[in-house]
Amino acid sequence: MTQTTAYTTLEASVYASKGLADCKVLVVDDEQSSCLLITTILSDIVQCEFLHDPARVIDYCEKQPPDLIVLDINMPGINGIELCQQLKQNRNTSACPVVFITGDGNAETQNKCWQAGASDYVRKPVVASTLVHRVKNLLQSKLRLDLLTELTFKDQLTALYNRYYLFTEIPTQLKRLSRESKSLGVIMIDIDYFKGFNDRYGHVAGDKCLFDVAQTLKDQLPGPHDSIVRFGGEEFSVFLPDTTQEECRNIGQRMVDAIANLSIDNEASPLGKVTISAGYVISPPTNTPDLEQLLSEADLYLYEAKLAGKARLTGSTEKQNQAC
Ligand SMILES: Nc1nc2c(ncn2[C@@H]2O[C@H](COP(=O)(O)OP(=O)(O)OP(=O)(O)O)[C@@H](O)[C@H]2O)c(=O)[nH]1
């Protein structure tokens with residue numbers, strides 16, 4: 001197998017692009033007949049789901065983010081304009097385009113929709129082809145933007161976040177956590193005897209190994225806001241917001257065990273298989289800590305794990321236990 005083939009295979013699996021038919025549109029309308037009509041029209045081009053109760057929308061979107069929301073304005077409880085404002089203020093839903101559908105066509109209402117963050121506005125009675133084309137145009141723009149974001153923030157070999165993400169997004173996360181008096185757990189990870197692996201099995205096998213290790217590490221992340229970055233060649237850093245020292249230690253240990261359990265042969269290692277070493281720290285929940293400092297502290301623990309014989313985790317808890 002040539003190197004080009006291996007890269008192409010990995011990239012294809014990572015960037016298998018999402019098409020219009022894979023997009024999910026959420027229709028929110030308290031009137032059943034109107035909801036059914038819009039859902040039927042859009043189901044020809046996208047996957048459609050609906051909610052009659054606007055109070056359930058935020059919770060629904062946080063759990064299963066749609067690609068676009070079609071929103072009625074006049075609904076009981078919370079009206080569509082207020083709901084749109086809430087969606088735009090929520091960092092998990094702010095990027096989702098909202099299309100209003102309403103029979104109320106006065107200029108003041110239209111203006112309120114734009115101010116609330118609407119991407120488009122369709123008048124009732126709905127003309128099917130107009131709705132389809134507007135939704136299609138917005139989704140195509142969103143798909144292009146999603147792909148660009150993916151390419152900007154993701155490492156092409158492993159599909160993990162890259163260093164650009166690390167130094168643009170994590171400092172913002174740290175500041176927010178600090179404001180909320182919450183900690184950030186940081187784990188630095190390095191594959192053991194990886195030079196020997198490359199020397200014995202070749203660079204292409206090395207790439208495949210990196211990809212498998214990366215996916216396995218990612219599978220151990222417990223929460224939707226936890227992230228993992230390819231820090232360098234065979235180094236990874238893990239970020240666990242709002243985590244205790246104990247939780248951070250457990251996740252780090254799970255990662256060390258999961259990689260050993262993959263049982264990828266590595267004759268260059270005394271254990272005969274691919275393993276990782278890891279070091280972790282927890283940021284203080286009060287003053288905003290410096291990201292570089294946290295990374296270098298976690299890196300020192302990683303270095304200790306290497307010195308202690310590799311294939312293990314070391315961190316601030318172990319240090320405290322030793323001191324006792
Ligand atoms: N296949 C492949 N290898 C890489 C990539 N990035 C870095 N490496 C290799 O990773 C190896 C890292 O080697 P070292 O820093 O000596 O680390 P090590 O052999 O794992 O030694 P210890 O960490 O002490 O166990 C080098 O041989 C790099 O060429 C990559 O993208 N693909």
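This is a predicted model: local features need pLDDT of at least 70, side-chain atom pairs count only at pLDDT 80 or more; totals for chains, interfaces and linings use all residues.

Biologist: Great. Which feature does UniProt place at residues 24–139?
Modeller: The unreviewed UniProt entry puts "domain: Response regulatory" there. Over residues 24–139 the chain is 43% helix and 21% strand, and the end C-alpha atoms lie 10 Å apart.

Biologist: What is the strand order in the open sheet with parallel pairing?
Modeller: That five-stranded sheet runs β2-β1-β3-β4-β5. Its edge strands are β2 (47–51) and β5 (120–123), each pairing on one side only. On average, neighbouring strands are turned by 20 degrees against each other, direction ignored.

Biologist: How many bridges join β3 to β4?
Modeller: Four, linking β3 (residues 68–72) with β4 (residues 98–102). Within that pairing, isoleucine 69 has valine 98 of β4 as its bridge partner.

Biologist: And which strands does helix α4 touch?
Modeller: Helix α4 (residues 80–89) packs on the sheet against β3 and β4, and its direction makes about 155 degrees with that of β3. Helix α6 (residues 128–153) packs on the sheet as well, touching β1 (24–28), β3, β4 and β5. The direction of α6 makes about 170 degrees with that of β5.

Biologist: Switching topic: what is the order of the sheet with mixed pairing?
Modeller: Five strands form that open sheet, in the order β7-β8-β6-β9-β10. At its edges are β7 (227–232) and β10 (313–315), and the twist averages 20 degrees from one strand to the next.

Biologist: Do β6 and β9 pair in the parallel or antiparallel sense, and over how many bridges?
Modeller: Antiparallel, over seven bridges, between residues 184–191 of β6 and residues 276–282 of β9. Isoleucine 191 stands opposite isoleucine 276 in β9.

Biologist: Now the ligand. How many residues surround it?
Modeller: There are 17, and the closest are Asp192, Phe194, Lys195, Gly206 and Gly233. The shell divides into five nonpolar, five polar and seven charged residues. β6, α8 (194–201) and α9 (203–219) each supply at least two of the shell residues.

Biologist: At what angle do α8 and α9 pack?
Modeller: About 135 degrees, with their axes 7 Å apart. That angle is why α8 counts as oblique to α9.

Biologist: Which residues make the contact?
Modeller: α8 brings Phe197, Asn198 and Tyr201, while α9 brings His203, Ala205, Gly206 and Cys209. By class, this contact has four nonpolar, three polar and no charged residues.

Key. Residues are numbered from 1 along each chain as its sequence is written. UniProt positions are given in the numbering used here, feature names are shortened, and annotations may be inferred rather than shown by experiment. Two strands pair if DSSP finds at least two bridges between them. Axes are lines fitted to C-alpha atoms, for helices over the stretch in contact, and angles run from 0 to 180 degrees between N-to-C directions. A residue is near a molecule or strand if its C-beta atom, placed from the backbone, lies within 6 Å of it. Ala, Val, Leu, Ile, Met, Phe, Trp, Tyr, Cys and Pro count as nonpolar, Asp, Glu, Lys and Arg as charged, and the others, Gly among them, as polar. Angles under 35 degrees count as roughly parallel, over 145 as roughly antiparallel, 65 to 115 as roughly perpendicular and the rest as oblique. Two residues are in contact if their C-beta atoms, placed from the backbone, lie within 7 Å.
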